[in-house]
Amino acid sequence: MVLADLGSRVAVALRKMAQAPLVDKDVLNEMLTEICKALLQADVNVAQVKHLRESIKKNVDVESLASGMNKRKMLEQAVCNELCSMLDPGKEPYAPKKKQANVIMFVGLQGAGKTTTCTKYAYMHKRKGFKCALVCADTFRAGAFDQLKQNATKAKIPFYGSYTETDPAQIAAEGTAKFREEGYEIIIVDTSGRHMQEAALFEEMQQVSDAVAPDEVIFVMDSSIGQAAHEQASAFKKKVAVGSVIITKLDGHAKGGGALSAVAATGAPITHIGTGEHVEDFEDFEVKSFVSRMLGKGNIAGLAPEMMKRLTQGNWTLRDMREQFQAVLKMGPLSNIMNQFPGMGGLDFHESGARIKKHHPLEVVELLDQFKLMATTMQKTIKKNKKMGKAGQDLHNMDAATVAQMMHKMNPQMLQHLGGQAGLEQMMAEMEKEEKKHGKGPKGK
Ligand SMILES: Nc1nc2c(ncn2[C@@H]2O[C@H](COP(=O)(O)OP(=O)(O)OP(=O)(O)O)[C@@H](O)[C@H]2O)c(=O)[nH]1
């Protein structure tokens, strides 16, 4: 996802600033300009970027930075805090309660992923022990009921809908009443997608809301919506009481910044993110860990030091990989583990995890080859950079030819997932840091 690109661009700007011999107002301004440019290009709302810039300028004391040792850390923290406060409206989302009916209404633009997300939400809560049911109040899109029916059946969740009734408020009222009577705890009402220009549909959404009196309204937003996100989110908020937000399709190549900054328009917290088309591709959203993952501040040390050590030292054998995979599988979904690695936040390991579990020899070999290629390429480049380091050149200033050569060698899909050149550079820098920590760095460094 492009958000990983944003993270590495912010990290590059911070690093450049930390390397400056003297940090004065000009250097700070230059860094902020670069960060703001990156944020705008990721579709973060213009007003919010302006606010972030002003707030950092106000809160960071350039004089103390000039004499302090931890310039980069301090600024990184300031940027991190600002991004967190942008994503955190400081409000607790609605928490469904057991042993009572919680009616949750889903709203959003056409194609945002509401129907898919309704099932994901129901499935997640079902696994937490709630008795869940789905109501299809989308009479606008032909096939909407069939889609919900299909998803619900697959996830073994009861559903309600109609092929003949055309009034969505009527269906919603009937469905919720039926499930209330049957003692369901989470009753999810899926509504049709609409644009703010479609006044009649907005009216209809309000009628559905009046008919079911939801305990919570969830606004579902596609991460690729861009700068329009703010305006659309505000329009929904004006009509119904949006209590929380779910951002979908964060697995794709969307810039993401627009949807994230729309949180400010609704004043509602993001509770979950959609990361794929499958029912399990759904994660809880936690602001701090999301921002630090986005900025590439993963947690290698705490999670898989042995794995990283072997990779950076070049002792990466097929046997090692098999053992590592087995250990990793015990720890949870592979995507969760790999996302802890700086620079790997955008990699799609969902498929990989599924493939290992199947244990088909050919598929496992193909997967291992993919990793081996990456490990070898990284190792070679790190060695090359050690030489460059002796010649007074640093990894961070790796010449374009080296990067181009490396990009050429890598599987284009993997490269894309790594966030392109910027993501790759950042990952290499983090690996070099790890290597130094393990005492294998070039002499005198
Ligand atoms: N990659 C990816 N695709 C998703 C995600 N969520 C939904 N989709 C896909 O997005 C498309 C639209 O999703 P729907 O659930 O039909 O959207 P909707 O908001 O109900 O659509 P309307 O009823 O027309 O408003 C489908 O092809 C889904 O599979 C996600 O998190 N990642």
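This is a short walk through the structure shown above, from its overall build to a few single residues.

The model is a predicted one, so local features need pLDDT of at least 70 and side-chain atom pairs count only at pLDDT 80 or more, while totals for chains, interfaces and linings use all residues. Residues are numbered from 1 along each chain as its sequence is written.

Let us begin with the whole protein. Its secondary structure comes to 22 helices and eight strands; these are DSSP runs numbered from the N terminus, with helices being H or I of at least four residues and strands E of at least two. Of the 445 residues, 44% count as buried. A residue is buried if 20 or more other C-beta atoms lie within 10 Å of its own, exposed if 12 or fewer, and partly exposed in between, with C-beta atoms placed from the backbone.

Next comes the sheet. Eight strands form an open sheet with mixed pairing, in the order β3-β2-β4-β1-β5-β6-β7-β8. Two strands pair if DSSP finds at least two bridges between them. At the edges stand β3 (159-160) and β8 (282-284), each with a single partner strand, so one side of each is left without a neighbour in the sheet.

β2 (residues 132-137) pairs with β4 (residues 186-191) in the parallel sense over six bridges. In this pairing C132 stands opposite I186, and A133 stands opposite I187. β2 also pairs with β3 in the parallel sense, over two bridges, and here L134 stands opposite F159. In a regular strand the side chains alternate between the two faces of the sheet. In β2, C132, L134 and C136 point one way and A133, V135 and A137 the other way. Six of the six residues of β2 are buried, so the strand is largely enclosed by the rest of the structure.

Helices accompany the sheet. β2, α7 and β3 make a right-handed β-α-β unit, where right-handed means that, with the strands pointing away from the viewer, the path from the first strand over the helix to the second runs clockwise. Helix α6 lies across β1, β2, β4, β5, β6, β7 and β8, running at about 175° to β4. Helix α10 (residues 229-239) packs on the sheet as well, touching β1, β5 and β6, and its direction makes about 160° with that of β5. Such angles run from 0 to 180 degrees between N-to-C directions, using axes fitted to C-alpha atoms, for helices over the stretch in contact; residues are in contact if their C-beta atoms, placed from the backbone, lie within 7 Å.

Now for the ligand. It is surrounded by 23 residues, and the closest are G113, T115, T116, G193 and G274; a residue is near a molecule if its C-beta atom, placed from the backbone, lies within 6 Å of it. α6 (114-127) and α7 (144-154) are the elements that give two or more residues to this shell, and the largest share, three residues, comes from α6.

K149 lies in helix α7 and touches F159 and G161, not counting residues up to four places away in sequence. K149 is partly exposed, with 15 other C-beta atoms within 10 Å. A213 lies in the loop between α9 (199-212) and β5, and its phi is near 45°, a positive value in a residue other than glycine. K249, in the loop between β6 and α11 (257-261), has a positive phi of about 60° although it is not a glycine. A213 is exposed, with 10 other C-beta atoms within 10 Å, whereas K249 counts as buried, with 25 C-beta neighbours inside 10 Å.

How values were computed:
Two residues are in contact if their C-beta atoms, placed from the backbone, lie within 7 Å.
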